[in-house]
Amino acid sequence: MLVQRPKGTKDLLPEDTEKLQYIEDKVKNVLENYGFGEIRVPVFEHTELFQRGVGETTDVVQKEMYTFEDKGGRSITLRPEGTAGVVRAYLEEGLASRPSPIKFWYNMPMYRYENVQKGRLREFHQIGVEVIGSSSYLADVETILLGKRIFDVLGIKDIKINLNSIGCPKCRGEYQKILKEFIGENLDKYCDTCKTRFEKNPMRILDCKEDKCQKLNVGAPKMLDYLCEECKEHFENVKSALKAKGVSFEIDSNIVRGLDYYTKTVYEFIDEKNDITVLGGGRYDGLVQELGGTPTPAVGFATGVERLIEMFREANKDLNFEKNPDLYILSVGDEENKKAIELAEKLRDNDIYVERDLYQRSFKAQMKFADKLKSKYLLVIGENELSTNLAKIKDMNSGNETEISLDTQDILKIIKQ
Ligand code: HAM
């Protein structure tokens with residue numbers, strides 16, 4: 001019986017990877033124009049990193065981590081997200097001494113044991129950025145503009161930006177008390193997950209997707225109404241800079257994000273057609289300290305590459321990714337084949353895409369194949385051509401034939417014209 005790929009994983013075929021590479025090239029170009037440098041961190045880390053970084057009460061840590069004991073008895077986890085590992089590397093590699101802010105980007109696979117559904121995988125990829133060092137609203141704005149530009153350069157228009165502020169530990173503590181009073185009145189009616197969140201992380205209850213909980217949440221106090229002066233000013237500045245730049249966004253006071261490290265600004269980019277979050281991020285001013293560093297503010301986001309590919313596909317139906325050979329060399333017979341190999345290799349030395357027969361097929365079969373590949377030119381090497389060193393090269397679009405010598409430079413002249 002066939003062994004199948006594990007649930008929630010994907011195979012990428014050449015027709016997928018060519019789109020992926022196109023996207024990666026475009027995005028990398030944007031990231032470089034914003035001054036970000038690429039970082040790569042290990043696929044697996046000590047489990048404690050995510051427990052401390054992402055947070056014990058989050059779904060990611062409680063339910064979704066691929067955790068195992070290695071042969072040395074250490075608890076190891078396949079990374080479910082990139083921020084904790086990047087911050088660990090920032091601390092471990094002593095990057096705090098470099099000129100700041102430090103601006104990293106990454107494109108890495110992530111692993112979460114999720115309920116698989118549309119847009120939700122167990123192995124997925126994130127392109128993310130982290131700006132470490134600046135507490136200014138300007139850093140938040142820069143990441144939002146950068147995120148928006150990624151969708152712009154990929155021609156993706158149906159994107160909505162949702163924004164919220166979840167305050168700092170100071171104002172959040174006050175707010176959580178008030179929120180708990182509100183939820184507490186009906187706690188017995190909430191789902192079991194919400195009940196477990198009540199004590200440690202009541203704000204996550206606002207994020208519950210269960211119908212009955214959403215109904216119970218109507219009229220709940222909003223964090224935005226309880227921000228301290230500093231958080232309020234920070235948020236006003238973010239909004240005003242985005243407005244000045246003409247970026248449309250909506251305030252969504254229900255965004256709390258699924259990871260515990262966020263403070264102040266949080267945001268999500270939504271695929272409007274499918275109602276799926278394609279990018280999520282925000283400020284995380286406490287994480288560096290939580291992981292053992294000195295207090296250092298930071299902000300960043302990550303976008304799901306598989307979700308990005310889907311949106312890109314939808315938005316660019318007319319883009320043609322097919323790669324057609326510049327030349328097909330048709331040859332039948334051993335000596336003719338040797339000549340075909342020699343020519344093909346020389347042309348490839350000159351960066352030309354050449355195809356030829358690898359089956360010893362008949363003349364007719366090769367003609368058909370060259371047609372199927374939509375080769376731009378066709379060159380036939382038969383007995384005659386071999387003895388005279390002259391051949392006809394055919395422009396497959398116009399049907400025009402030109403007689404040339406079987407010399408690389410002559411062929412190049414025609415192909416490159
Ligand atoms: P996140 O919201 O958990 O944030 O994930 C970011 C994005 O990754 C999501 O918006 C989504 O596009 C994609 N994603 C998440 N889970 C899956 C999945 N199971 N299948 C497919 N795609 C998925 C973070 O991970 C933060 N580390 C982002 C960040 C960076 N915040 C600050 N810096």
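A charge sits over a ring, in the sense I'm using today, if NZ of Lys or CZ of Arg is within 6 Å of the ring centre and within 35 degrees of the ring normal. Okay, so this is a predicted model: local features need pLDDT of at least 70, side-chain atom pairs count only at pLDDT 80 or more, and totals for chains, interfaces and linings use all residues. Residues are numbered from 1 along each chain as its sequence is written, and side-chain values use heavy atoms, with hydrogens and water left out.

Charges first. Arg361 has its charged end over the ring of Phe369, 4.6 Å from the centre. Arg122 does likewise with Tyr113, at 3.9 Å.

Now ring on ring. Rings of Phe, Tyr and Trp (its six-membered ring) pair if their centres lie within 6.5 Å; planes under 30 degrees apart are stacked, over 60 edge-to-face, the rest tilted. We get 10 aromatic pairs in the structure. Take Tyr22 and Phe312: centres 5.4 Å apart, planes at 40°, so that one is tilted. Tyr22 is in helix H1 (residues 14–33) and Phe312 in helix H11 (residues 305–315), 290 residues apart. Helices here are DSSP runs (H or I, at least four residues), strands likewise (E, at least two), numbered from the N terminus. Ring pairs also bring Phe321 into a cluster with Tyr22 and Phe312.

How exposed is Tyr22? Partly, at 28% relative accessibility; Phe312 is buried at 1%. Buried means under 20% relative accessible area, exposed over 50%, partly exposed in between (1.4 Å probe, protein chains only).

Last one: Phe151 and Phe269, also tilted, 5.7 Å centre to centre and 45° between planes. Phe151 is buried at 1%, and Phe269 is buried at 0%.
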